[in-house]
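Subject: Structure for you to look at

Dear colleague,

Here is the structure we spoke about.

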Amino acid sequence: MTTSKIINPATEALIAEVPRIGLDETDAAIERAVLAQRQWAKLAPGDRAKLLRSFADLVDRNLEALALLEVANAGHTISNARWEAGNVRDVLEYYAGAPERLFGRQIPVGGGVDITFHEPLGVVGIIVPWNFPMPIASWGFAPALAAGNAVVLKPAEVTPLTAIRLGELALEAGIPDGVFQVLTGSGSTVGWRFVTHPKVAKVCFTGSTEVGTAIMAGCAEQVKRVTLELGGKSANVVFADSDIALAAARAPYGVFDNAGQDCCARSRILVQRSAYDEFMEHFERAVSNVVVGDPSLEATEMGPLISAAHREKVSEYVPDDAKIAFQGQCPSGPGFWFPPTVLAPVAPGARALREEIFGPVVVVQTFEDEAEAIGLANDTPFGLSGSIWTNHLAKAMRVARAIETGNLSINSHSSVRYWTPFGGFKQSGLGRELGPDALSAFTEEKNVFIATEET
Ligand code: TAP
């Protein structure tokens, strides 16, 4: 069997070699999942819930080890990686409360009784990108398992280590063999087989819009259920009536977190013209203070990019003649480093303005009034996230309702809470993850009529 070499992006050291499984092993895993799912769905809801709680407990007890694994594999800062492992625990705990609460309805009808059930789909294939390997995996597998499905999970080829460990912890927690399997290998082999295999009932994909589009088209051939969480080009809209110093101080963390490799990155900052100079003065100071370096150190705020190839791609958005307003610092030497970079002004058609960069590069534009701010924010095929800074409540609500995006924060950059829905408008995706309704994405509603009177 061939293997993938796993590299620490902060040091470029080889840290592991992981099997690259092929089609036959993928098919065998899917067949195991089909058999395991039947037993899993038959378990009493309370027993399924207990096993998910045990899984959450084990993640909690292994939290530091999982975090350190992510620091080494993905270059995430240790504080982010701890949050991510904690998020897996929380998501598991939250959906461990679901099996006993997966209520159907009794609907009034004549001549009998009508009731609905939420049936599991069967085997769910989850395809995960490299930018947040742990949380994104759990947003799929936790509700899918809670609803009585089996899961085959494909991590990104470059960041499989935490997923492999989570697969081991699930078994240790007592989740039956075959119910949750982690399959390491390439997207075009393992991931695509989830699309084409008739016994995979649903594909949950997070990644690029390009691959997501192909997955949706592939799933259409079998009318296969699909959830897509794709790219973003989100706007951070700063009105002149906001606390400009605060908005500028927080702006780096809205876009440079995880080195900008975040689908929710607010990679376009729109500032009301009358506040532009004041904003840029504070923003420059904030960017120069971002601590970029060894992600295992507690004080580090930004680590490296994931790979040399990705750094190459990000660099293309900052050519030699780019108008760099200012840049932060980053280490030299081994590691895929890229400094926090602010581009301004940018020409209306510039690639950096229109395409998802997925690196620590942000563009700053100005606007005159509310209408122009909304127009600019919506001038993108994406619609995942965004922020609005203003002290005017009615304006904040008007603008929030007008921006075509799935997740907005007012006077904050927070995007994700496991108990609120998450997902995109337009080409940022299809369907929602997390929140109270996540199980409906992993079940089919069945209606049953029972005659109680002869007709
Ligand atoms: P992709 O290249 O799309 O890869 C994502 C996953 O899909 C990986 O596991 C990849 O496997 C797999 N894959 C690749 N080609 C495939 C195919 N033909 N069939 C099935 N699976 C395939 O994206 P990426 O570069 O890893 O991630 C960055 C993108 O993800 C960005 O656009 C970002 O915005 C988006 N993203 C979105 C969100 C949400 S929630 N909307 C969250 C995070 C990231 P390999 O490992 O073999 O490449």
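The second largest cavity holds about 60 Å³ of space. Its lining is made up of Gly232, Gly260, Asp262, Cys263, Ala265, Ser267, Glu356, Ile357, Phe358, Gly359 and Val361. By class, that lining divides into five nonpolar, four polar and two charged residues. Please keep in mind that this is a predicted model, and that the values here are computed from it.

The search of the whole structure finds six cavities of 30 Å³ or more. The largest cavity has a volume of about 70 Å³. It is lined by 14 residues, and Ala377, Phe382, Gly383, Ser385 and Thr405 are the closest to its centre. The lining of the largest cavity has five nonpolar, six polar and three charged residues.

Now the ligand. Which pocket does the ligand take up? The space taken by the ligand is the largest pocket, with a volume of about 920 Å³. This pocket is lined by 36 residues. Pro129, Trp130, Gly207, Ser208 and Val211 lie nearest the centre of the pocket. Two or more residues of the lining come from each of H7, E8, H8 and helix H11 (308-315). By class, the lining of the largest pocket has 17 nonpolar, 13 polar and six charged residues.

There are 28 residues around the ligand, and those that come nearest are Glu157, Gly187, Ser208, Leu230 and Glu356. The shell around the ligand is made up of 16 nonpolar, eight polar and four charged residues. Helix H7 (187-196), strand E8 (200-206) and helix H8 (209-220) each give the shell at least two residues. H7 supplies the largest share, three residues.

- Glu356: an N or O atom in the side chain is 2.6 Å from an oxygen atom of the ligand.
- Val128: a backbone N or O atom lies 2.7 Å from an oxygen atom of the ligand.
- Gly207: a backbone N or O atom lies 3.2 Å from an oxygen atom of the ligand.

On its own, the ligand has 920 Å² of accessible area, and the protein covers 85% of that.

The second largest pocket has about 650 Å³ of space. Which residues lie nearest the centre of the second largest pocket? They are Trp83, Phe132, Asp257, Asp262 and Ser415, out of 26 lining residues. By class, the lining of the second largest pocket divides into ten nonpolar, nine polar and seven charged residues.

Two points about the backbone remain. The peptide bond from Ala344 to Pro345 is cis, with omega near -5°. Pro345 is in the loop that runs between strand E13 (341-343) and helix H12 (351-354). The other point concerns Ala259, which has a positive phi of about 55° although it is not a glycine. Ala259 is in the loop between H9 and strand E11 (268-272).

If you want a place to begin, start with the ligand and Glu356, where the 2.6 Å distance involves the side chain, and then go on to the backbone atoms of Val128 and Gly207.

Regards

Note on methods: Residues numbered from 1 in each chain as written. Predicted model: local features only at pLDDT ≥ 70, side-chain atom pairs only at ≥ 80, totals over all residues. Heavy atoms only, no water. Near = heavy atom within 4 Å. Polar contact = N/O pair within 3.5 Å; in protein donor to acceptor, adjacent residues only side chain to side chain. Areas by Shrake-Rupley, 256 points an atom, 1.4 Å probe, with all protein chains shown as cover. 1 Å grid on protein atoms, 1.4 Å probe; cavity = no way out; pocket = protein on both sides within 12 Å on 5 of 7 lines; lining within 4 Å. Sits in = over half its atoms within 2 Å of the grid points. Helix = DSSP H or I, 4+ residues; strand = E, 2+ residues; numbered from the N terminus. Nonpolar A, V, L, I, M, F, W, Y, C, P; charged D, E, K, R; others polar. Points joined across faces, edges and corners; volume = space filled by probe spheres on them.
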